[in-house]
Amino acid sequence: MSHQTLISLRDVSFAYGNRLFSRGSPDVLARVSFDVLAGETLAVLGRNGAGKTTLLRLLAGIFAPDSGKIWRADVEISLLSLQVGFVEHLSGRQNARISAMMLGKSRSWVDQHIDEIADFAELGSVLDRPLKTYSAGMRARLGFSVGYLADPEVILIDEVLGVGDIEFQEKSSAAMKERLQSNKTVVLVTHQLDTVAELADRVVWIEGGEVRNQGAVGDIIAAYRAYSRDPG
Amino acid sequence: MKRSLRQTWNLIWQKSVSDLQSESARALLGLLWWIIEPVLYMAVFYLVFKIGFRMGGPDFVAFLLAGLVCWKWFQGTVSAACTALIANQGLMAQVYLPKWSFVAMVVLTNAFKFSLLLLLFLLYLLAEGYRPTGNWLYLVPLLGSLLILICGCAANSAFVTCFVPEAKLIIDNGLMLLFFVSGIFFDISARDTAIGDALLLNPLAGWFASFRHVVLEGGRPELHTIVTVSVTGAILLLIGVGLLRRFDHQIAKVSL
């Protein structure tokens, strides 16, 4: 891991407002500040509704902060969105193409990697059949394979480490863990403390939309466990 | 997400092609439905105005088709643009795409359907004995000017209906009003002078008159019509795309 900052958040606040002219909802995130460093796996911990998914969308540039600043280095940052842009009536191949392009890949990249995607998803000749004929597991495999092989420079993961049936879950989970343990820059949102302890280099703990603590994995997990047992 | 303008355009193109493929795969008759649906639409107008009201002379079918083919392009695109952003809210929550790109996809898919219809219409004219002249080349700037106007109207419709969904009702009724005052199924120049002059203040009315003049009479279009429609469209396009870019991230929030 280097200490080069790839993403920097300073006093970022964000609220969902459902109409342009109406008053916004309460802040989902309030004055959030932290950095994402090159090569690290940064885990984001927090209870349901803490604002973790919204935070990932802000990091991905899907949302912009209402106040505060997000700075991003000139690198490819992408949320691991499985089955993004999938259309029922198109073939697996066509869906893989459109999905990879949605994730920032070029058409030529898709043409070069389509066999790899089919192999990883274990779909073989089924790839040219319409998606509507796929089982849920086959769709999950295809979606995961596209997302996994698209491999942006900074990958943002919301809980998903493994998908599909037990066999593919093991395979996809192992592949993803291998990537997390490599020099890849990853921001991982998860409730699984064991996963955080195993894979993360640092942790940011979000509570009620604010950064409650951030730092070394062991310290934050211990504090989070204690808080979860006795929030008062 | 880092995405160059070229990548964005490639994605718009690919997504538009996928949408067309998906639409044709969903319909029992596939591609044919893109032709059958507007032909049925036009048949209704023919039955009502030619047989019902006994309007027009021997060239009335060509006259009517010339108006309806282009009107269907304009109306179909603007109407579809009203739901372009709302219909893609799931996608917007997963990946970043500039919001104008969703409008561009609607414009592209409808332009493709229109090009099929236009081709059929021109074939019909040839079958009916109309002969192409050199002035048919004026169709390029003429159709180009309508495309600019369509893009401008579509961008603004998409923006407004995203924040105020009820605006779709107003836009739909506005389109209906425009349909009745643009000389789609009647000849504006044949109206009472004062009324005809007033109706021709609407740039679309002049555009339809010019289009018919070129394809049915082999004449030249009015230059000021092309300029007026192009400039109006360009101004609307600048405003619409400007709004979509200015409120790009608010649109992602609103759609959730």
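This is a predicted model: local features need pLDDT of at least 70, side-chain atom pairs count only at pLDDT 80 or more; totals for chains, interfaces and linings use all residues.
pLDDT is the predictor's confidence in each residue, from 0 to 100.

Figure 1. Chain B has a mean pLDDT of 89. Of its residues, 95% reach 70 or more. Helix α6 of chain B (residues 139-163) has the highest mean pLDDT among the elements of the chain, at 97. Helix α8 of chain B (residues 193-199) has the lowest, at 69. For the complex, the predictor gives an ipTM of 0.84 and a pTM of 0.88.

**Figure 2. The helical fold of chain B.** Chain B contains 11 helices and 0 strands. Its radius of gyration is 19 Å, close to the 18 Å that the globule rule gives for 256 residues, so chain B is as compact as a globular protein of that length. The C-alpha trace of chain B spans about 55 × 45 × 35 Å along its principal axes. Of the 256 residues, 37% count as buried. Take the contacts in chain B between residues at least 6 apart in sequence: 77% of them join residues at least 24 apart.

**Figure 3. Packing of helices α3 and α7 in chain B.** Two packed helices are described by the angle between their axes and the distance between the axes. Here α3(B) covers residues 60-81 and α7(B) covers residues 167-181. The angle is about 170°, and the axes lie 10 Å apart. Angles over 145 degrees count as roughly antiparallel, so α3(B) and α7(B) are roughly antiparallel to each other.

**Figure 4. Residues at the contact of α3(B) with α7(B).** From α3(B) come B:W71, B:Q75, B:V78 and B:S79. They meet B:I171, B:D172, B:L175 and B:F179 of α7(B). By class, this contact has 5 nonpolar, 2 polar and 1 charged residues.

Methods: Residues are numbered from 1 along each chain as its sequence is written. Chains are lettered from A and ligands numbered from 1 in the order in which they are written. Axes are lines fitted to C-alpha atoms, for helices over the stretch in contact, and angles run from 0 to 180 degrees between N-to-C directions. Helices (H or I, at least four residues) and strands (E, at least two) are DSSP runs, numbered from the N terminus. Angles under 35 degrees count as roughly parallel, over 145 as roughly antiparallel, 65 to 115 as roughly perpendicular and the rest as oblique. Two residues are in contact if their C-beta atoms, placed from the backbone, lie within 7 Å. Ala, Val, Leu, Ile, Met, Phe, Trp, Tyr, Cys and Pro count as nonpolar, Asp, Glu, Lys and Arg as charged, and the others, Gly among them, as polar. The radius of gyration is taken over C-alpha atoms; the globule rule is 2.2 Å times the number of residues to the power 0.38. A residue is buried if 20 or more other C-beta atoms lie within 10 Å of its own, exposed if 12 or fewer, and partly exposed in between; C-beta atoms are placed from the backbone.
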